[in-house]
Amino acid sequence: VHGTKIRNIRFLAELTKFEVCNPNIVFNCLKRCLDDFSGHNVEIVCHFLETAGTYLAKLSSTHIRLNNAIDLMWKISKTKHLTTQAEANVENVYYLCKFPDRYAKKQKKDKPILEQYIKFLIFDKLTKDTFEEVAALIGMLPLDNDDVMDYLHNCIMKLTFYGKFTDMNIVSCLFASMKKKHEFLTIRVVDAVIYDIICGLEKNDYKEAQHRLLALLFFWAFYNFSL
């Protein structure tokens, strides 16, 4: 009977991980075992947490509920006279499911409005039909501010990592339309792309092959537009 209970709770735990079994069902089973946390119930709880505890701890909808359950288990275990093996099992599953602070989700800090606006212009608004409009809007930015200039430069350089082949020509069109009024920005980006290509060739890491190809395409597009 004991072996059957262990197999059943492990089976329920696996079904929970594959979203076949509703978490409410296993939490009800967990609650009943914690109400009488002794003997076989200790092993059942440990087997369940060992199988599905990490999954439920990382799931946003069950994270708090599981934390409350394992905290309760920990408190009860300190009041019970458990065997040495049972205490070791409880401690193992507790620290398996109770992640340290480094796993806690960090709240993203809101970026300044101006940075959000620059990101919107480069990654969302910039297309082959709007590059002249985007160039005019960028020209209205306080480019004499070093922070603004740095962020704009970083956004453009990110295209060599995350952009598409078609983005290279569009960005080149953008810089071609800005060349006369903002030549310093064009020079800075071209220099950065050339330096990036040289460093990539010297490093010769196959993992960065796609990035090197995009950077070379970026440079080729600049050359076509006489930048």
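Where is the place of Tyr 117? In this predicted model, Tyr 117 belongs to helix 6, which covers residues 113-125. That helix is one part of a chain whose secondary structure comes to 11 helices and 0 strands. Read from the N terminus, the order of elements is α-α-α-α-α-α-α-α-α-α-α. Of the 227 residues in the protein chain, 37% are buried.

Together with Leu 114 and Phe 120, Tyr 117 makes a nonpolar surface patch of about 240 Å². The relative accessibility of Tyr 117 is 30%, and this residue therefore counts as partly exposed.

The structure holds 3 aromatic pairs. In one of them, Trp 74 and Tyr 94 are stacked, with 4.4 Å from centre to centre and 25° between the planes. Trp 74 sits in helix 4 (residues 63-79) and Tyr 94 in helix 5 (residues 84-97), so this pair ties together parts that lie 20 residues apart in sequence. Tyr 94 has a relative accessible area of 12%, under the 20% limit, and is therefore buried. Trp 74 forms another aromatic pair with Tyr 95, this time edge-to-face, at 6.0 Å centre to centre and 70° between the planes. Here too the partners come from helix 4 and helix 5, so the pair ties together parts 21 residues apart in sequence. Through these ring pairs, Trp 74, Tyr 94 and Tyr 95 are linked into a cluster.

The buried residues of helix 10 are Leu 185, Thr 186, Val 189, Val 190, Ala 192, Val 193, Ile 197 and Gly 200. Viewed down the axis of helix 10, the buried residues fall within an arc of 160°, so they line one face of the helix.

Methods: Residues are numbered from 1 along each chain as its sequence is written. This is a predicted model: local features need pLDDT of at least 70, side-chain atom pairs count only at pLDDT 80 or more; totals for chains, interfaces and linings use all residues. Side-chain values use heavy atoms; hydrogens and water are left out. Patches are made of residues with over 30% relative accessible area and no salt bridge: like charges are joined within 9 Å, nonpolar side chains (Val, Leu, Ile, Met, Phe, Trp, Tyr) within 5 Å. Accessible areas come from the Shrake-Rupley method with a 1.4 Å probe; for residues, only the protein chains shown count as cover. A salt bridge is a side-chain nitrogen of Lys or Arg within 4 Å of a carboxyl oxygen of Asp or Glu. Helices (H or I, at least four residues) and strands (E, at least two) are DSSP runs, numbered from the N terminus. Buried means under 20% relative accessible area, exposed over 50%, partly exposed in between (1.4 Å probe, protein chains only). Rings of Phe, Tyr and Trp (its six-membered ring) pair if their centres lie within 6.5 Å; planes under 30 degrees apart count as stacked, over 60 as edge-to-face and the rest as tilted. The arc is that of the directions from the helix axis to the C-beta atoms.
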